[in-house]
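Reader: Please take me through this model, one feature at a time. I would like the general idea each time, and then the case at hand.

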Amino acid sequence: MRIDRAEVIVTSPDRNFVTLKLTTDDGLIGLGDATLNGRELAVVAYLHEHVVPLLIGIDAHKIEDTWQFLYRSAYWRRGPVTMAAIAAVDVALWDIKAKAAGMPLYQLLGGASRTGLLAYGHASGKSTSELFDSVRKHQAEGYKAIRIQTGVPGLKSIYGIASNATLEGNEGKRYDHEPAQRGAFPAEEDWDTRSYLRHVPTVFEAVRNEFGPEIPLLHDGHHRMTPIQAAKLGKSLEPYDLFWLEDCTPAENQEALRLVRQHTTTPLAIGEVFNTVWDYQQLIREQLFDYVRSAVTHTGGISALKKILEYAAQYQVKSGMHGPTDISPVGMAAAMHLGLAIHNFGIQEYMQHGEKTNAVFSQSFTWNDGMLHPGNKPGLGVELDVDEAGRYPYETAYLPYNRLADGTVHDW
Ligand code: EZ4
Ligand code: CO
């Protein structure tokens with residue numbers, strides 16, 4: 001069973017997606033997600049110019065060998081572009097192997113360790129009443145765990161407040177490119193850490209008073225705090241019993257979490273911008289956090305993320321895979337198969353793709369009573385309609401960036 005064809009498909013139904021499609025000489029098709037939000041075309045070029053030509057003729061059964069070949073033969077290791085490209089190949093090969101075996105992929109990863117995956121969605125609002133409406137809407141959709149993001153008085157625009165998310169009638173386009181925005185230049189947002197630190201605990205208090213103590217609540221700090229600021233936030237949120245506080249400090253500095261950890265029992269999640277196990281080495285070994293945020297798509301695929309999660313399991317660190325809409329349905333399916341199989345599953349982020357995306361990618365996963373399941377079709381359970389994909393050409397879109405009141409660029 002050899003790779004006969006390798007195609008890179010770029011489509012923008014509700015947002016940009018990059019998909020690798022491998023076809024074997026006996027006609028099996030494997031899909032892999034290579035979407036890197038705001039830098040999509042860099043991965044397209046990496047795949048087109050430097051990976052696709054190497055894949056033709058290789059034995060499609062050799063997943064580990066192909067992974068090691070792509071990683072080591074490049075010489076230049078790691079990095080989001082390289083690892084997204086390798087991830088796409090890895091996932092496509094797993095898809096092919098599972099189809100060849102006639103099994104859903106999770107069976108090849110060890111079989112199901114649970115009946116379904118607890119998932120969380122994103123509630124947000126500029127004001128508390130808008131936020132409450134958004135929480136209720138998510139509960140009505142079945143969500144049993146909810147991320148809370150809020151506007152901050154004095155700040156015009158802020159991460160995590162979906163521009164259309166709470167508006168009636170906008171369901172079809174509510175995650176149109178979110179949080180990236182169409183345009184040739186990144187949108188500018190404003191930031192003030194002191195206002196944020198003052199405001200967020202009052203919002204969590206209001207949410208707990210309104211919705212009770214049981215519902216798991218999450219919050220994303222999106223890399224904006226210093227360690228001591230993050231420690232202060234973690235401490236002030238302790239009464240509200242968060243499931244996790246995510247990316248409280250910039251993720252490049254693993255040591256930052258040591259200080260945060262010394263001050264607070266609020267569980268910590270980090271890693272959506274990481275791309276290899278080396279980004280986690282100290283964090284896992286020193287038990288400085290609780291949830292691995294990596295997506296299959298950005299971490300070298302199922303083979304590599306499974307190894308990271310097995311390492312994490314030895315230290316009671318669990319999965320909390322990244323699942324925004326910029327992970328394609330192919331990437332989400334890979335996450336669900338892996339999450340179902342591993343022992344140390346924690347929670348899965350699940351925003352919902354729009355109707356156009358679902359028409360391009362037909363999917364077999366189920367969403368029942370707050371739980372995801374990847375379904376039981378052979379392989380990943382996702383098919384790509386290439387003609388439908390062709391109706392939506394790439395659109396330039398970037399993630400926003402932040403400036404402080406005095407004009408200084410800040411982490412976004
Ligand atoms: O900013 O997916 O937890 N989720 C997040 C996301 C990320 C985007 C980046 O592409 O932080 O909203
Ligand atoms: Co995040």
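Author: Start with strand pairing: two strands pair if DSSP finds at least two bridges between them. Strands (E, at least two residues) and helices (H or I, at least four) are DSSP runs, numbered from the N terminus. Here β7 and strand β19 (residues 401–403) run parallel and are joined by three bridges. E188 has Y401 in β19 as its bridge partner.
The model is predicted, so local features need pLDDT of at least 70 and side-chain atom pairs count only at pLDDT 80 or more, while totals for chains, interfaces and linings use all residues. Residues are numbered from 1 along each chain as its sequence is written, chains are lettered from A and ligands numbered from 1 in the order in which they are written, and side-chain values use heavy atoms, with hydrogens and water left out.

Reader: In what order do the strands of the sheet with β7 and β19 come?

Author: In general, strands of a sheet pair through backbone hydrogen bonds, either parallel or antiparallel. This open sheet has three strands in the order β7-β19-β20, and its pairing is mixed. β7 (188–190) and β20 (409–410) are the edge strands, each pairing on one side only.

Reader: Which strands form the antiparallel sheet?

Author: That open sheet has the order β1-β2-β3. Its edge strands, β1 (3–11) and β3 (29–33), each pair on one side only. Neighbouring strands are turned by 20 degrees against each other on average, direction ignored. Axes are lines fitted to C-alpha atoms, for helices over the stretch in contact, and angles run from 0 to 180 degrees between N-to-C directions. Strand β2 (residues 17–24) pairs with β3 over five bridges in the antiparallel sense, and T23 has I29 in β3 as its bridge partner.

Reader: Which helix packs on this sheet and touches β1 and β2?

Author: Contact means heavy atoms within 4.5 Å. Helix α1 (residues 40–55) touches β1 and β2, and its direction makes about 170 degrees with that of β1. Helix α3 (residues 80–101) lies across β1, β2 and β3, at about 150 degrees to β3.

Reader: Into which domains is the chain divided?

Author: Domain bounds come from an automatic or database domain assignment. The assignment gives domain 1 (3–103) and domain 2 (117–378). Their centres, taken over C-alpha atoms, are separated by 26 Å. In domain 1, 34 residues are in contact with 37 residues of domain 2.

Reader: Where does the largest pocket lie?

Author: On a 1 Å grid over the protein atoms alone, a pocket is an open set of points with protein on both sides within 12 Å along at least five of seven lines; a cavity is a set where a 1.4 Å probe fits but cannot get out, and lining residues have an atom within 4 Å of a point. Grid points are joined across faces, edges and corners, and a volume is the space filled by probe spheres set on the points. The largest pocket holds about 1000 Å³. Its lining has 40 residues, and H222, E272, V273, L399 and W412 are the closest to its centre. Domain 1 and domain 2 both give residues to this lining, so the pocket lies between them.

Reader: How many cavities of 30 Å³ or more are there?

Author: The count is four. The largest cavity has about 70 Å³ of space. Its lining includes Q149, W191 and H222, and β5 (145–150) and β8 (217–220) each supply at least two lining residues.
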